[in-house]
Amino acid sequence: MISISVMALVFGVIFLAELPDKTALAGLVLGTRYRASYVFAGVAAAFLLHVVLAVAAGSVLTLLPQQIVHVITGVLFLGGAVVLLRNKGEEEEEVRRPENQSFWKVSGAGFMLILVAEFGDLTQIMTANLAARYDDPLSVGLGAVLGLWAVAGLGIVGGKALMKRVPLRLITKIAAVVMLVLGAWSMYEAVSA
């Protein structure tokens, strides 16, 4: 059974954390050069793979005693908040152009870019934390995938316009505050258990 509240929470947290990330900018760059649907197909497949790996890692954490899981997830959320607050902005990375505009070349370039850039990234770690915290892999996985796909879509189709209207610094601060609250709540649950 899917929990809409868990899925919505995960979507919001992952969406906000991914917006200021370098991969949103990389998607924007690829989207300006190539057919958006081809880019999105590759990027979406890479994000799906990352979420599956993160949810699997988080599900393994649920085998530990609940108090230890709360401490681990609390520390990781608080650490993620610190990383977001200390990050002064990502540099746009140079993206290699595929030789032609074929579906496989363009989607493959998007897939490889995200696969490498996102491995061990903050949102992947957060997804594992959320999977451990809520012990609901399907709801967490769907929320995370939809959040990442939404950011990718925004980045590919209209990221430049969004960044002109909403300051990146504000988005980063909101994501950091949400992570601080989740980290503090996890620590509270570890102490009160």
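The chain of this predicted model has a mean pLDDT of 79, and 80% of its residues reach 70 or more. Among the helices, confidence is highest in α1 (residues 4-18), with a mean of 92, and lowest in α2 (residues 22-33), with a mean of 68. Over residues 90-96 the pLDDT is below 50, and this stretch has eleven contacts in the model beyond near neighbours in sequence. Where pLDDT is low, the predicted coordinates should not be read in detail.

**Nonpolar core**

The largest nonpolar core holds 28 residues, and the members that touch the most others are V10, I14, V39, L130 and V140. Helices α1, α3 (36-61), α5 (103-118), α6 (122-134) and α7 (137-165) each supply at least two residues of this core. The largest share, seven residues, comes from α3. Leaving aside neighbours within four places in sequence, V10 is in contact with L130, V140, G143 and A144.

Helix α3 has 26 residues, which at 1.5 Å a residue should span 38 Å; the end C-alpha atoms are 37 Å apart, so the two values agree. The buried residues of α3 are Y38, V39, G42, V43, A44, A46, F47, H50, V51, A54, V55 and G58. One of them, V39, is also among the core residues that touch the most other members.

S139 is found in helix α7. With a relative accessible area of 0%, S139 falls under the 20% limit and is therefore buried. The side chain of S139 reaches the backbone nitrogen of S3 at 2.7 Å. That side chain also makes a polar contact with the side chain of D136, at 2.7 Å. Not counting residues up to four places away in sequence, S139 touches M1, I2, S3, V6 and M7.

I4 lies in helix α1. Its relative accessible area is 58%, which is over 50%, so I4 counts as exposed. I4 and V140 are 136 residues apart along the chain, and their C-alpha atoms are separated by 9.7 Å.

**Aromatic pairs**

The structure holds five aromatic pairs. A pair of aromatic rings is described by the distance of the centres and the angle of the planes. Two of the pairs are set out below.

| Pair | Centre to centre | Angle between planes | Arrangement |
|---|---|---|---|
| F40 and W149 | 6.4 Å | 70° | edge-to-face |
| F103 and W104 | 5.0 Å | 80° | edge-to-face |

F40 has a relative accessibility of 30% and counts as partly exposed. W149 is likewise partly exposed, with a relative accessible area of 27%.

W104, at 70% relative accessibility, counts as exposed. F103 and W104 belong to one aromatic cluster together with Y38. Y38 is one of the buried residues of α3.

Methods:
Residues numbered from 1 in each chain as written. Heavy atoms only, no water. pLDDT = per-residue confidence, 0-100. Helix = DSSP H or I, 4+ residues; strand = E, 2+ residues; numbered from the N terminus. Contact = heavy atoms within 4.5 Å. Core = buried A, V, L, I, M, F, W, Y, C linked by side-chain atoms within 4.5 Å. Buried < 20%, exposed > 50% of the residue type's maximum accessible area, 1.4 Å probe, protein only. Expected span 1.5 Å × (residues − 1). Polar contact = N/O pair within 3.5 Å; in protein donor to acceptor, adjacent residues only side chain to side chain. Phe/Tyr/Trp six-rings, centres within 6.5 Å; stacked < 30°, edge-to-face > 60°.
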